[in-house]
Amino acid sequence: MTAAPERTAFQLIAEERRHRPAVVRLARSLCLAAQAEPYFLRSARLRFAPDSSAGLEARLYFSPLVEAADSRALVLYPEVSAELRRELYDHDLDLLGSVRDFTRAAHRSAPPLVRGFEELLWSATIGPPPAEAEVERTLTPLFRQVLAEGATAAEASRWILRFLPRLPEAVRESLPAWRLQVMATERLGMEPPRSLLTRATDDEVRTVRALVHTEVDIGVRASAQGLVLSRPPEPDALVCGASGAGRVQLRLRGALPGTRWHELDLYDGEYTALGVSVAAEVRADGTILAAQAELGGTLLCARAGHRAAAATTADGRTALRVDDGESVLSVDLPEQPRLLAVADAGPAATAVVSAKGLHVVTSAVDGTADAVLHPLSEQPTAVGWSRTRERGVLCLAGGNDVLLVDDGDPGRTLGTLSHPAPVVRLWASVRAGLVAVADAHGGVTVHDLAAGPAGGPGRRQQAPGGEVTALCGDPWSGAVVWGCADGRVYGVEAAAGAVVPLGTLPAPASSLATAGDAGLVVAADGGDRLLRLPWPGGGPVTAVPMPFRVREVHPATGGLLLVSGHGGEVEIRAEDGRTHLLTPGPVPAPPEGAGFGWLRDSVGVVLPEGVTGLPAGIRRRGVGHVCLPASLPPESAEFATLLAEARDQGLRVLVELAPPGDDSPHGELLGRAHDLLEAAVDGLRLGDPGRWPASLLVRLRHLLDAYPQAAVVTTGTPQLALGPGHLTLNAPPAPATPPSAPDGGWSLPEGLPHPQACLLLALPGCREVPASVLAPAGSTAAATPAPLLAARAAQLALRHGGVERPPTGSTRVTAVRRDHAGQAVLCLTSTADVPVTVRVPLPEAAAGTELVQIAHDLPDHPPDAPPPVLRPDSDGLVTVALDAGRTRWFRIRTAAHPPPDGATDPFAPSAP
């Protein structure tokens, strides 16, 4: 009892009876009720205390026997109510029966929740504890309400969690009551109390929670830095199916080896943006050995020799992890760091710069981390560790100078390295005793601290190429390498001192690292690749693909590299086991006249005349907008119904505008266009633009100028452009040749043979499909291209990648390969009348390469079955079997970029 925990219910009632016995008499009349509404309380007073006044009701309201009371109802403490029932049962069965009859009569019109609760109270009061079958029978109406959807289920769940714990112990501890409470918490998106979770195994709890799960649409939109998840799906987002109730529990991880699962609970009305920061240990050929991916957090990494440091910021907390090859130190930082540097030799030391100041982390005598915070008057632009003849120093770059400080303490300056321009880049090495500095004028100065005085002048080099964008060195040879804004890369040997051009990158390097064991300089430029130059002699640039965009690269021991960046494929797992693979990645710049952003990346469905509703699950098929037929007047109920249904599903809406007839007044057509745009649709679709006279198009263009957010789609090229939101849809490309423009828009015609439609969907540029493409949900009568539409929306390679035509060895099977942002998809379509098997070459085939099926048009293939996986033979050819007239699409996973480790269940409880 929360009001007076030091007193029992018996003591409360006895004390109240001594001072106000009438209050106890009135309370007894409520002991079999779930709650006492004002009318119930008034009727109880008139029947069981007829000689009292209305003031007795007020005295009960404010008595210590009442747990809660407001204008709607009064509720006694459950312990008080139980003690009053026990008193009546032991001493006055007649009065107990009267209270029972009164309660039933007063609540005869009460909700089933209330009446069922009171039936259980009565059963547990007058006899032995009810059997579980009886409890379940009584609770059946409550089960039905919780299993329903909408506001009724939520209200019933709140009522259950409020009142079910008030039942007698024998009832509330029963298995049906336990199940009902677990279901109610899940319906409301709450975590069950610990007392409920400890009564059953994790699998049993999951089974009961799943009883209230329904199909939930989750919106996922890729951005350059990560993913945006929304519930309900926001417009223009990819829709993924999941299971859930008040909350949808998701598990996410980067699709790289060694990554861990991240938990995300998504509630109705929520919108969550998750950045994807990645760090990975790789070979110089791009093969990934292990990775860390932070979703919703950030990573800052540093590596020097056998030592590494990583600062992870997530959920408002920053954790620094320092690995010196023998031990690992962990430190919590007060803020997200800006700069990070580790010493490549000598005593383990790490420097971290944040807004709070300079944190210097070293190993204490007992092996723990010793972190010291030094305030800074000015934030440095770069930091690094080096050494003089006598001691190790920390280099702090600021303005034109680099301060050399003793033991990482800015208050103990040993010397200053001055330069002719502000310092923009710094590389330092304890092992080599060197400091290399790049200034804003494009000069690079190398200071040999181990050979000369701490503040002595260095050897400055100037090479053409402009600003220095990246700087690194080799601690073993003392060589220094830098990259310039024009993409050129230079190196200088410590002994010779001559600048050697190593090559020209296709873009300025954001980071450089020497890989002496491999004879390479490796560069990152922010793209999904690593660029490599022969070193020390220089030569042509080679590129190796990476599954994420790389911004930083650091040398490691054993010829390995530590790379970090953003993006990459993300695996999203729902509680029912469904898995979605999505890639945040760069989107190519649109060509001139490609329309609005949402229109360029959306596939529309043209609804036929006479349609009464939208196809089921339309957004899950990758559809982003619908086009309503011209036969629907904007003021009609059918138009309003379809428009509202499309808005509820997050779809954008275009409306067909029929071309004018020979005798049609232009003003009437412009008036219809005005009415449609005023109806808040997203744009118009003009069919047969050749029938639109230029004078009418000019007037329509002027009308559209008043609606700058309105899109215009024409099925063909009109006589003049209709504004910045104009998108022209042409005829589809010939299946035998790729389209001339990768982003060229075209419409899939009605009535195409099924194999031809599937083949066209593998090509870029599809912006519109007929409604017949979307087969009814659950139909198994015929093959359908609908699953291909959904896969196309989820794969960047299928939306933006280039087109290759690998040979198949068969004139009846066409292969299309699409590559973009580290993704590779192989699409195979058969036009043969019989099953056929083909062998397709994979140039990157190696041990570990896999083809994972991502889509098909087989209606009899179970949607929840594990996807088939194919592996190439030793000759680099993969064997694929196709049924007659069927299509199969595969993601190509190379051995260099393997999937995450194991097929673990992320929802399984952690091992103790």
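# Close-up views of the chain

**View 1. Helices H1 and H2 cross.** The axes of helix H1 (residues 9–19) and helix H2 (residues 21–28) come within 5 Å and cross at roughly 130°; axes are lines fitted to C-alpha atoms, for helices over the stretch in contact, with angles from 0 to 180 degrees between N-to-C directions. H1 is therefore oblique to H2 (angles under 35 degrees count as roughly parallel, over 145 as roughly antiparallel, 65 to 115 as roughly perpendicular, and the rest as oblique). This is a predicted model, in which local features need pLDDT of at least 70 and side-chain atom pairs count only at pLDDT 80 or more, while totals for chains, interfaces and linings use all residues. Residues are numbered from 1 along each chain as its sequence is written, and side-chain values use heavy atoms, with hydrogens and water left out. Helices (H or I, at least four residues) and strands (E, at least two) are DSSP runs, numbered from the N terminus.

Now look at where the two helices meet. From H1 come Ile13, Glu16, Arg17 and His19, and from H2 come Pro21, Val23 and Val24; contact means heavy atoms within 4.5 Å. By class, the contact of H1 with H2 has 4 nonpolar, 1 polar and 2 charged residues (Ala, Val, Leu, Ile, Met, Phe, Trp, Tyr, Cys and Pro count as nonpolar, Asp, Glu, Lys and Arg as charged, and the others, Gly among them, as polar).

**View 2. Helices H9 and H11 form another crossing.** Helix H9 (residues 151–163) and helix H11 (residues 175–187) have axes that come within 9 Å and cross at roughly 130°. H9 and H11 are therefore oblique to each other. On the H9 side, look for Ala153, Ala154, Ser157, Ile160 and Leu161. On the H11 side, look for Leu180, Gln181, Ala184, Thr185 and Arg187. Sorted by class, the contact of H9 with H11 has 6 nonpolar, 3 polar and 1 charged residues.

View 3. Strand S26 (residues 468–473) is joined to S27 by 5 bridges, and the two run antiparallel; strands pair if DSSP finds at least two bridges between them. To find your place on this pair, locate Gly473, which stands opposite Val480 in S27. S26 and S27 form a hairpin with 6 residues between them, and Gly478 in the turn has a positive phi of about 80°.

Next, follow the chain onward from S27. S27 and strand S28 (residues 488–492) are joined by 4 bridges and run antiparallel, with Val480 standing opposite Val492 in S28. S27 and S28 also form a hairpin, with 3 residues between them, and Gly487 in the turn has a positive phi of about 95°.

How many of the residues of strand S27 (residues 480–484) are buried? It is 5 of its 5 residues, where buried means under 20% relative accessible area, exposed over 50% and partly exposed in between (1.4 Å probe, protein chains only). Val480, Trp482 and Cys484 lie on one side of S27, Val481 and Gly483 on the other, and both faces are covered.

**View 4. Four strands make an open sheet.** The 4 strands have the order S30-S31-S32-S33, with antiparallel pairing. At the edges are strand S30 (511–515) and strand S33 (542–545), each of which pairs on one side only. From one strand to the next, the twist averages 25°. Strand S32 (residues 529–534) and S33 run antiparallel and are joined by 4 bridges, and Arg532 stands opposite Thr542 in S33.

**View 5. Val544 sits in strand S33.** Val544 belongs to S33 and is buried, with a relative accessible area of 9%. What does Val544 contact, leaving aside its neighbours within four places in sequence? The residues are Ala284, Asp285, Gly286, Arg529, Leu530 and Arg532. Val544 and Arg532 are 12 residues apart along the chain, with their C-alpha atoms separated by 8.0 Å.

**View 6. Helix H18 is mostly covered.** In H18 (residues 754–761), 7 of its 8 residues are buried.

**View 7. Stepping back, the chain has 20 helices and 53 strands.** Buried residues make up 53% of its 912 residues. The C-alpha trace spans about 110 × 90 × 60 Å along its principal axes.
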